[in-house]
Number of protein chains: 2
Amino acid sequence: MNYRSAMSTIPKANPLRVGFVGLAANKGWAIKSHYPAMMQLPSQFQITAVLNLDLEVSQTTIEKLKLKHAKPFADIVSFAKYDQIDLVVISVNVPNFYKLVIDLFKYSQENENFKYLFAEWSLGRNLEEAQEIQELASQRGIHTVVSLQGRKSPYVLRAKELVSGGYIGEINSVEIAVIGGFYGYERPVKSPDYLYELESGVNLISVAFGHTIDILQYITSSYFSQVNAMIFNNIPTQKLVDENGKLTGATKPKTAPDHLLFQGSLTQGNVPVSCSLKGGTPVKKFTKNLIIDIHGTRGDLKLEGDAGFAEMSNLVLYFCGGKPNEDSSTSAETMEIYHLRNYNSIVGNILRLYEAIADFHFKTNPHSKLPKDFARQGFRFDGFPTFSDALEVHKLIDLVTKSHKSGSSLKVPGLSH
Amino acid sequence: MNYRSAMSTIPKANPLRVGFVGLAANKGWAIKSHYPAMMQLPSQFQITAVLNLDLEVSQTTIEKLKLKHAKPFADIVSFAKYDQIDLVVISVNVPNFYKLVIDLFKYSQENENFKYLFAEWSLGRNLEEAQEIQELASQRGIHTVVSLQGRKSPYVLRAKELVSGGYIGEINSVEIAVIGGFYGYERPVKSPDYLYELESGVNLISVAFGHTIDILQYITSSYFSQVNAMIFNNIPTQKLVDENGKLTGATKPKTAPDHLLFQGSLTQGNVPVSCSLKGGTPVKKFTKNLIIDIHGTRGDLKLEGDAGFAEMSNLVLYFCGGKPNEDSSTSAETMEIYHLRNYNSIVGNILRLYEAIADFHFKTNPHSKLPKDFARQGFRFDGFPTFSDALEVHKLIDLVTKSHKSGSSLKVPGLSH
């Protein structure tokens with residue numbers, strides 16, 4: 001049983017030509033994750049364009065990284081029209097994303113080579129933005145990829161294997177407790193303000209909750225049927241600290257939440273799920289700062305991490321359960337602790353997304369049976385999360401906000417797009 | 001700092017004369033908990049009457065336990081009129097309690113010695129019954145005691161000491177996960193039906209949730225301000241098992257819930273609390289089956305137990321924190337694991353309730369400053385939980401049911417009685 005990517009052969013065709021928005025040699029997420037991942041698949045991907053607001057950044061990046069096939073850009077208009085791009089990767093701060101992608105679609109109308117668009121979660125600042133972007137891509141017939149990369153974590157996939165193989169029986173409860181990193185009592189002086197502003201759409205709910213709950217739904221192969229949420233901003237003022245963690249004496253206001261209580265039931269099996277997501281430094285002493293506890297009629301699964309970023313953390317998976325379809329009185333119980341000591345989860349999970357894109361494009365994975373018009377990964381093992389999958393998470397986040405504001409438990413509407 | 005009972009002196013007065021309803025030598029809760037507890041305080045308590053529906057049970061119990069001062073009873077009328085009783089202890093199944101206690105009040109009108117009434121949690125089947133009973137006792141000026149004995153657990157008291165001493169700073173989140181024991185996939189053939197019937201009022205919510213949440217409120221010295229609940233009955237049919245745990249092949253319907261999701265905020269500090277209470281056998285492999293995680297700005301507290309009965313389990317308390325009122329950059333962090341290996345929590349917690357009653361009656365505890373008309377323990381260290389405290393828990397349980405039925409998050413009204 002191995003549903004994971006079987007990427008091994010070198011494609012006969014030319015590599016996918018990548019136009020990268022937001023790749024800078026000296027800072028940012030792209031250089032830490034996307035770039036080293038892509039470098040491991042040189043026959044499948046080739047960077048042909050780099051766009052940053054500052055042309056010099058694009059030029060320096062191309063130079064430093066020795067991207068000999070790449071052309072530097074500083075404006076989205078000419079980038080969008082450049083015909084040497086098959087795959088556009090956009091890795092910018094969420095608040096800047098919307099306008100960029102709208103312009104990309106606008107000015108790339110005549111550009112027939114543009115076939116793939118890879119964007120960071122959370123796609124838009126809110127459900128409406130995400131929906132608009134998804135529709136634009138869908139109308140143009142562009143294949144989309146969203147970095148809900150937790151779905152490619154080996155721990156998440158192993159957990160999903162065990163669940164779908166029946167090794168913990170029917171799931172009957174889930175508990176999640178997470179500390180999200182930001183949004184605590186202190187804020188680094190250098191930290192950008194938008195991280196602490198409600199409107200930016202980058203916060204504990206969109207990031208920590210979004211990734212975590214997508215992972216849970218993916219593992220259990222079930223969406224939610226009803227939810228209730230309570231959102232807290234118990235730390236409206238943060239103390240600023242310098243690079244050494246010393247208090248500077250200054251403070252700044254915070255409007256983003258620092259705690260989310262979420263509970264609900266999964267459609268499949270009416271499973272109760274309890275979820276407590278906290279902002280701030282991961283300091284819990286008697287439990288790990290990321291816990292996903294999944295209980296079933298035959299056993300348990302536990303995912304543990306050092307902080308509430310399951311999608312980019314090196315986790316530990318604990319499993320105890322039994323083989324299905326045996327007489328329960330005699331079936332042997334199996335234990336497994338799954339941990340890849342040297343796994344670089346920041347690069348690794350993103351790498352597996354690129355592998356999945358290559359699998360789809362070059363049809364290199366014989367196990368994969370993705371249709372040509374593959375538009376949503378849903379709960380499949382193969383493929384990759386698309387904007388359509390991202391919308392499902394946005395719908396849930398939207399309900400979280402509505403539930404909190406209205407003080408109601410809300411039904412989750414079924415798949416609608 | 002020792003707020004615990006300083007019971008040590010032998011009272012000069014006569015012992016409190018106890019009329020015991022539901023004490024049977026060969027079975028039941030009373031003989032396992034109340035009786036051995038009371039036997040450790042022979043100068044303070046003396047059993048003078050035993051009431052069981054079957055006179056023979058009362059007689060045999062008196063004989064076997066050598067209760068030479070006790071008179072056997074088989075009807076509540078003559079028991080209520082018997083003038084050799086100061087303290088009535090009623091330890092019967094909750095569904096039988098209401099009629100008994102109503103009759104007790106009715107027929108004891110002329111009995112001036114009847115001063116104390118000790119009843120098992122949950123007092124009544126629901127808020128209305130509990131309210132009526134509380135009012136009757138209050139009108140008569142009878143001192144009441146309810147077996148929310150978790151408040152006397154040494155682990156709970158130590159946790160409360162640490163919290164109120166500021167050793168974990170301001171509490172900023174709480175997570176509770178519990179497996180409640182009953183209400184799972186299987187039911188012992190001998191188990192009485194009422195445990196699995198919603199109407200009986202003895203279930204996961206009244207028992208496991210009631211005790212656990214009372215303990216949490218007591219430790220944190222805070223009631224809830226808002227709550228949301230989702231109640232599940234995912235196992236509407238249970239398989240019957242014999243004494244050896246073997247399936248008999250028969251099944252029985254179950255209307256009582258098997259899962260409660262509860263979340264809300266404590267009034268004090270607007271603290272988010274997440275709570276998942278599950279029915280069934282405690283089988284979690286990678287976490288204890290009773291967890292109360294309390295996080296603060298200075299440290300953490302964790303209470304662990306083998307199953308979801310914090311009020312009668314021998315727990316382990318983990319503490320990590322620091323002394324308050326010190327410069328946080330220099331204050332030393334303290335660790336403590338608190339566990340009394342041989343502590344008999346079934347007897348011990350009840351014993352401490354009896355000690356507290358004796359402290360109050362004989363004024364034997366110099367630390368205790370209870371007023372003469374002591375009517376509610378609230379969050380005091382000394383004293384004992386009264387029917388008035390029980391009502392607070394019933395109000396919360398009532399809101400749990402209402403929140404579930406209405407699909408709303410509900411505000412908790414303030415203290416009203």
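The crossing of α5(B) and α6(B) is left-handed, a term used when the near helix is turned anticlockwise from the far one by less than a right angle, whereas clockwise makes a crossing right-handed. The model is predicted, so local features need pLDDT of at least 70 and side-chain atom pairs count only at pLDDT 80 or more, while totals for chains, interfaces and linings use all residues. Residues are numbered from 1 along each chain as its sequence is written, chains are lettered from A and ligands numbered from 1 in the order in which they are written, and side-chain values use heavy atoms, with hydrogens and water left out.

Helix α5 (residues 94-107) and helix α6 (residues 127-140) of chain B pack at an angle of about 20°, their axes being 11 Å apart; helices here are DSSP runs (H or I, at least four residues), as are strands (E, at least two), numbered from the N terminus, and axes are lines fitted to C-alpha atoms, for helices over the stretch in contact, with angles running from 0 to 180 degrees between N-to-C directions. α5(B) and α6(B) are therefore roughly parallel to each other (angles under 35 degrees count as roughly parallel, over 145 as roughly antiparallel, 65 to 115 as roughly perpendicular and the rest as oblique). On the α5(B) side, Phe97(B), Tyr98(B), Val101(B), Ile102(B) and Phe105(B) meet residues of α6(B) that include Glu129(B), Ile133(B) and Arg140(B), contact meaning heavy atoms within 4.5 Å. The residues of this contact divide into eight nonpolar, no polar and three charged, where Ala, Val, Leu, Ile, Met, Phe, Trp, Tyr, Cys and Pro count as nonpolar, Asp, Glu, Lys and Arg as charged, and the others, Gly among them, as polar.

In chain A, helix α6 (residues 127-140) packs with helix α10 (residues 387-406) at an angle of about 165°, with axes 9 Å apart, and the two are therefore roughly antiparallel. The crossing of α6(A) and α10(A) is left-handed. By class, the contact of α6(A) with α10(A) has six nonpolar, four polar and two charged residues.

Returning to chain B, ten of the eleven residues of α7(B) are buried, so this helix is largely enclosed by the rest of the structure; buried means under 20% relative accessible area, exposed over 50% and partly exposed in between (1.4 Å probe, protein chains only). Its cover includes α8, β7 (171-179) and α9 (345-362) of chain B. Helix α7 (residues 154-164) and helix α8 (residues 204-220) of chain B pack at an angle of about 35°, with their axes 8 Å apart, and after α7(B) comes Gly166(B), whose phi is positive, near 80°.

Some backbone details remain. Most residues other than glycine have a negative phi, and most peptide bonds are trans. The peptide bond from Trp121(A) to Ser122(A) is cis, with omega near 20°, and Ser122(A) lies in the loop between β5 (116-119) and α6 of chain A. In chain B, a cis peptide bond joins Trp121(B) and Ser122(B), with omega about 20°. Lys66(A) has a positive phi near 55° and is exposed, with a relative accessible area of 70%, while Asn270(A) has a positive phi near 50° and is partly exposed, with a relative accessible area of 30%.
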